[in-house]
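This note sets out a number of points for discussion, arranged by region and by type of feature. Please read them alongside the sequence and the coordinates.

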Amino acid sequence: MKIYSETLDRQKAYFRRGETLSYSFRINALRALKNALKAHETEILSALDKDLGKSSFEGYATELGIVYEEIGYLEKHLKKLMKPTRVKTPITQFYSRSYIIHEPMGSVLIMSPWNYPLQLTMVPLAGAIAGGNTAIVKPSRYSGAVSLVIKRIIEETFQPEYIALFEGGHETNTALLDLRWDFIFFTGSPAVGRIVHQAANRYLTPCILELGGKSPVIIEESADIPLTARRLTWGKFLNAGQTCVAPDYVLIKRGYASAFIEAMKKEIVKAFTSDPLNAEDLPKIINEKHFERIRGLISGSEAAHGGRCDVKHLRIEPTILYPVKETDSVMQEEIFGPVLPILEYDSFEEALDFVSSREKPLAFYIFSKNRKHIEKALASVSFGGGCVNDTVVHLTDPELPFGGVGNSGMGSYHGKRSFQAFTHDKSIMDKALWLDIGVRYAPYRNKLKLLKMLMK
Ligand code: NAD
């Protein structure tokens, strides 16, 4: 569609004019974004409630608060991040100064999913602004109420030749991906990630893919069961399990499952009452399609707790499935809902092998007091990021890069990494004029010996 290519062309011209480059421009844009979010806070929280049934507490803790923290980090560190980085120069290049210029990528596309519709749009956008880029943002069609507020915020705060937002479904996605970008930042499923990667390939456009998959939890025999149950209940049922880094399934040492399930039942009741379908703090499933998909996954295994669904309000009880076999349907895809399957293992090596023989997960969690086992797991399993004795919280630390590996994605962001994600490291060797050592020039004759002394 013409409007997309015209907007991108205008953004490219705006970028070429150097409008987005200065520190003052970027810091003002970050501040303007933060102020606009603050001014629309009530609308944002109620849109999150409308789309996903998120309580204001959850909306603030997992969306708005995270965006504020990210913008705050970038504001605080922007000047330093923008400065060229001095590096050493080899003696063979005496006398030069070597440094890295962190140049903006240019005009970028940001595509986000529906599960954390504010956070997963605004955190990358803050990175794009800090990096000195122009941006077109495409949120998910499924979280329409939040998209509408974000659109208003962007249109009120920025000129479209700097930052614009387009809503829409399949046609919009395809039309946007057809254009030539300087960088694409995509968050979503591995299946769509492949489509994005293929589209990017056409122009060799660099991209970051923040994807998903099944994130495992290993509960080892030394684990503190009550605390494990509490932290797992929180991480799993946050946003009704519709979290990319949500614990997807549990592998527990054989013999410990019933004690763990009992402890988890208690935590579920504590958090969501014994009637969770009517609990204030349990979010809903995004739409009927996903609701039916999750309901189908529950029916394929035995429920040790929960299992009831309310189709009218799209709510599903926090559900524990046990016993579960690896061939059950719940183990064949990312659950992305409030359902936790529990499988048992006999030896720790068997548990590690179970995880390592599958796609590399976005997150991995281990609950244990055995440092040797913890270190072995962290060294041998490949995954995006994770926690020891907790779930999900690793992504609240701006010092920790957030991203996947293999099937769970490529590239990372948050904090300093957000700036790096949206900039290119341009390497410069800046040579002095007052000296010109002749070793490198032909004729080479007797110079090999000297060269060997310099380059060894
Ligand atoms: P999705 O892949 O269906 O959609 C993501 C985005 O891609 C949306 O903007 C959507 O409009 C667009 N899209 C959908 N189909 C497309 C197509 N054929 N061509 C081009 N664009 C298309 O993902 P979702 O259902 O919105 O989100 C759930 C998935 O996202 C899960 O796999 C989850 O793990 C993952 N996720 C990852 C992260 C992360 O940070 N790594 C965060 C949240 C969600």
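A residue is called buried here if its relative accessible area is under 20%, exposed if over 50%, and partly exposed in between. The model is a predicted one.

1. Val392 deserves a check of its backbone. Its phi is positive, at about 65°, although Val392 is not a glycine. Val392 belongs to the loop between strand 16 (385-388) and strand 17 (409-410). With a relative accessible area of 5%, Val392 is buried, because the limit is 20%.

2. Phi of Asn239 is near 55°, a positive value in a residue other than glycine. The loop that holds Asn239 runs between helix 9 and strand 9. Is Asn239 buried or exposed? Its relative accessibility is 0%, and Asn239 therefore counts as buried.

3. Two cis peptide bonds should be noted. One joins Phe94 and Tyr95, with omega about -5°; Tyr95 is in the loop between strand 1 (85-87) and strand 2 (96-104). Another joins Tyr322 and Pro323, where omega is also about -5°. Pro323 is placed in the loop between strand 13 (319-321) and strand 14.

4. Asn133 is a buried polar residue in a loop. The loop in question lies between helix 5 (119-131) and strand 4 (134-138), and the relative accessible area of Asn133 is 1%. Which backbone oxygens lie 3.0 Å from a polar atom of the Asn133 side chain? One is that of Ala128, and another is that of Phe422. Beyond four places in sequence, the contacts of Asn133 are Thr20, Pro104, Met105, Gly106, Val108, Ala128, Tyr162 and Phe422.

5. Strand 6 (residues 183-187) is mostly covered, with five of its five residues buried. Phe183, Phe185 and Thr187 point one way from the strand, whereas Ile184 and Phe186 point the other way. Strand 6 pairs in the parallel sense with strand 3 (residues 107-111) over four bridges, and Val108 stands opposite Phe183. Four bridges also join strand 6 to strand 7 (residues 207-210), again in parallel; here Ile184 stands opposite Cys207.

6. Ring pairs link Phe183 and Phe185 with Phe402, Tyr413 and Phe422.

7. The structure holds 17 aromatic pairs. One of them is edge-to-face: the rings of Phe237 and Phe272 have centres 6.4 Å apart and planes at 85°, and the angle counts as edge-to-face because it is over 60 degrees. This pair links distant parts of the chain, with Phe237 in helix 9 (residues 225-237) and Phe272 in helix 10 (residues 257-272), 35 residues apart. Phe237 is buried at a relative accessible area of 1%, and Phe272 is buried at 8%.

8. Helix 12 (residues 348-356) has five named buried positions: Phe348, Ala351, Leu352, Phe354 and Val355. Why do they fall on the same side of helix 12? They cover an arc of only 155° around the axis, which places them on that one side. The elements that cover these residues include strand 8 (216-219), strand 9 (249-253), strand 14 (339-345), strand 15 (363-367) and helix 13 (371-380).

9. Strand 9 is itself largely enclosed by the rest of the structure, because four of its five residues are buried. Strand 8 and strand 9 are paired in the parallel sense over four bridges, and the bridge partner of Ile219 in strand 9 is Ile252.

10. Two charged side chains sit over aromatic rings. The charged end of Arg358 is over the ring of Phe354, 3.6 Å from its centre. Lys38 lies over the face of Tyr68, at 4.0 Å from the ring centre.

11. Glu19 is in the loop between helix 1 (2-16) and helix 2 (23-39). At 32% relative accessibility, Glu19 counts as partly exposed. A polar contact of 3.2 Å joins the side chains of Glu19 and Arg17. Leaving aside residues up to four places away in sequence, Glu19 touches Tyr14 and Phe25.

Conventions. Residues numbered from 1 in each chain as written. Predicted model: local features only at pLDDT ≥ 70, side-chain atom pairs only at ≥ 80, totals over all residues. Heavy atoms only, no water. Buried < 20%, exposed > 50% of the residue type's maximum accessible area, 1.4 Å probe, protein only. Helix = DSSP H or I, 4+ residues; strand = E, 2+ residues; numbered from the N terminus. Arc of directions from axis to C-beta. Contact = heavy atoms within 4.5 Å. Polar contact = N/O pair within 3.5 Å; in protein donor to acceptor, adjacent residues only side chain to side chain. Phe/Tyr/Trp six-rings, centres within 6.5 Å; stacked < 30°, edge-to-face > 60°. Lys NZ or Arg CZ within 6 Å of the ring centre and 35° of its normal. Pairing = 2+ DSSP bridges.
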